[in-house]
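This report describes side-chain contacts between charged groups and between aromatic rings.

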Amino acid sequence: MSEKQLIPEEGIAGRFISCAKDEKGVLQKIDFHDIESFNFAFDIVDQLGVTKPTKTAMLHISKEGRERKITFKDMMEYSSRTANYLSYLGIKKGDRVLVVLKRHYQFWFTILALHKIGAIAIPASFLLVRKDFEYRFRAAQITAVISTADGDVSKEIDKALRSYEGVTAKVLVGGVRTGWNSYNREIRYFSREFKRPANAAGGSDPMLMFFTSGTTSYPKIAAHSYTYPLGHYVTAKYWHQVDPDGIHFAISDTGWGKAMWGKLYGQWLCEATIFTYDYDEFFAKEILAMLEKYKITTFCAPPTVYRVLVHTDLGSYNLSNLKNVTTAGEALNPEIYSRFYNATGLKIMEGFGQTETTLTVGTLAGMDPRPGSMGKASPQYDISVVKPDGTPCAVGEVGEIVVKTSDALPLGLFLGYYLDDEKTASVWHDGYYHTGDTAYVDKDNYLWYVGRVDDIIKSAGFRVGPFEIENEIMKLPYVLECAVTSVPDKIRGQAIKASIVLADGIEASDSLKKEIMKFLRNNMASYKRPKIVEFVKTLPKTSSGKIRRSEIKENDWNKEETKNGKNE
């Protein structure tokens, strides 16, 4: 392909972003400019509040079913009002503010307000309990908390604060509680105008911090700068393929980075409407009814959701308005892709990224998805798959996914782990950021996920990735989801175990176990077959929906150590 000319993108994004595409419209190159003082709240939301004041920024549905249409002018004014309110409470530039607001619409006012003030926003899940909050307060040196009034969240925070004295402001949204300021009661007294300060935060200043999923250890704190939102333009425009005149629906709790991927930055850079349903519990039929009723045009959900959806009567819902569907968070089984496609005619466009990055690999607009593949490297990142010694892997050879940083830092990559130079250096060295995820590349440069470095099973001299085995098991129509891990084995060192959750209405039995083992004998090489099949009611997951294979493995290995200890 000849070198394509970089052309400014359409709409408000064109001031900061230029792209080049090939004949099929596939993104080939992206350039960011004039971003030294970029602040998403001022430069995007407030500008849209002035230029497109009546355009719907968000269609919000409360858990009671109340509909709210929030325009860009509303977002501009209420984020300014919130910024004035939080400033009055003493929150200032550089403060670290924990935000635990579920999917309340006030979450968006709050995040934008913190960007305007220059305080660092730290989203957190409403599922956390006292010990989780205690860890987060100390690790991030939290100075203020903004919490939902729902459930016991504020009570758990108060319990955690008995052993931490750094918080100087506590704000409760949606209720009243002794010792807390009430957002709903007090916000009305503050101005809808908040002028951009002369020393406003922007560019390379720290803006946002995420606690990682903690799939293998205590959560780390990935810090991002004010340029991070721009990094999600590719996420929204070329992966989600949002329509400025459409509605985008992403399934994600606002306590995780995925909400920023699908419910805020890139979508508004593309001037699209965000759909938010503030539910407490996921029900597939409820979500499908929303897709139909509100004529959702683009949809993103983790593989966990699609695994449930394919066991629902998808044909009974009118999904004709859906133009593009995407998934990320963990690898998608090809069987789920096929079932969803056969039922809807929609091809699930898979993507890969981390809390530390934006979308780094994806099936972008104009590309043909390959079931089971994450897609190709985003032009935003220089991606390689390397051996443990750092040399490139051959086609089809499994290695670690790394991001090159020696020539230039890709926009969207994290600043480092907050207050932890040692952990930062352990993943970012020799001119590369090491993702800790393994994959292989095919002859056409599509990447195929294998597993976390720690997930690789070494059995009888063979290295086995769990995802390949899980894909085979997922072909069985009565399997809802599964996880493949290692268990101790005196002969092989490690043996392979499959933990399986059965679909509703299917009873676990020895005969079913034998049927599964026979299926695997007929379809997999002997060294890849699980030696143990265990039926479980649920699989341990992070609150962002990722299966915690590490927890299953740790429990099994600890049991073996305990047994050996008792036998001595």
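Across the whole structure, a search finds 36 salt bridges. The model is a predicted one. Side chains of opposite charge can pair when their charged atoms come close.

| Salt bridge | N to O distance |
|---|---|
| Lys 155 and Asp 152 | 3.8 Å |
| Arg 307 and Glu 330 | 3.3 Å |
| Glu 335 and Arg 339 | 3.3 Å |

The bridge between Arg 307 and Glu 330 ties together parts of the chain that are 23 residues apart in sequence, because Arg 307 belongs to helix α12 (residues 303–309) while Glu 330 is found in the loop between β16 (324–327) and α13 (334–344). Arg 307 counts as buried because its relative accessibility is 5%, under the 20% limit. Glu 330 has a relative accessible area of 16% and is likewise buried.

The bridge between Glu 335 and Arg 339 has both residues in helix α13, where they are 4 residues apart, about one turn of the helix. Which of these side chains is buried and which is partly exposed? Glu 335 is partly exposed, with a relative accessible area of 22%, whereas Arg 339, at 18% relative accessibility, counts as buried.

In the bridge between Lys 155 and Asp 152, Lys 155 is partly exposed at a relative accessible area of 41%, and Asp 152 is partly exposed at 45%. Salt bridges also link Lys 63, Lys 102, Asp 150 and Asp 280 in a network.

A search of the whole structure gives 29 aromatic pairs. In one of them, the ring centres of Tyr 78 and Phe 109 are 5.2 Å apart and the ring planes meet at 20°, which is under 30 degrees, so the pair is stacked. This pair links distant parts of the chain: Tyr 78 is in helix α2 (residues 72–88) and Phe 109 is in helix α3 (residues 106–117), 31 residues apart. Tyr 78 is partly exposed, at 27% relative accessibility, while Phe 109 is buried, with a relative accessible area of 5%.

One aromatic cluster is formed by Phe 249, Phe 275, Tyr 294, Phe 299, Tyr 306 and Phe 340.

Charged groups also meet aromatic rings. The charged end of Arg 103 sits over the ring of Tyr 279, at 4.1 Å from the ring centre. Arg 136 lies over the face of Phe 211, 4.7 Å from the centre of that ring.

Definitions and conventions:
Residues are numbered from 1 along each chain as its sequence is written. This is a predicted model: local features need pLDDT of at least 70, side-chain atom pairs count only at pLDDT 80 or more; totals for chains, interfaces and linings use all residues. Side-chain values use heavy atoms; hydrogens and water are left out. Rings of Phe, Tyr and Trp (its six-membered ring) pair if their centres lie within 6.5 Å; planes under 30 degrees apart count as stacked, over 60 as edge-to-face and the rest as tilted. Helices (H or I, at least four residues) and strands (E, at least two) are DSSP runs, numbered from the N terminus. Buried means under 20% relative accessible area, exposed over 50%, partly exposed in between (1.4 Å probe, protein chains only). A charge sits over a ring if NZ of Lys or CZ of Arg is within 6 Å of the ring centre and within 35 degrees of the ring normal. A salt bridge is a side-chain nitrogen of Lys or Arg within 4 Å of a carboxyl oxygen of Asp or Glu.
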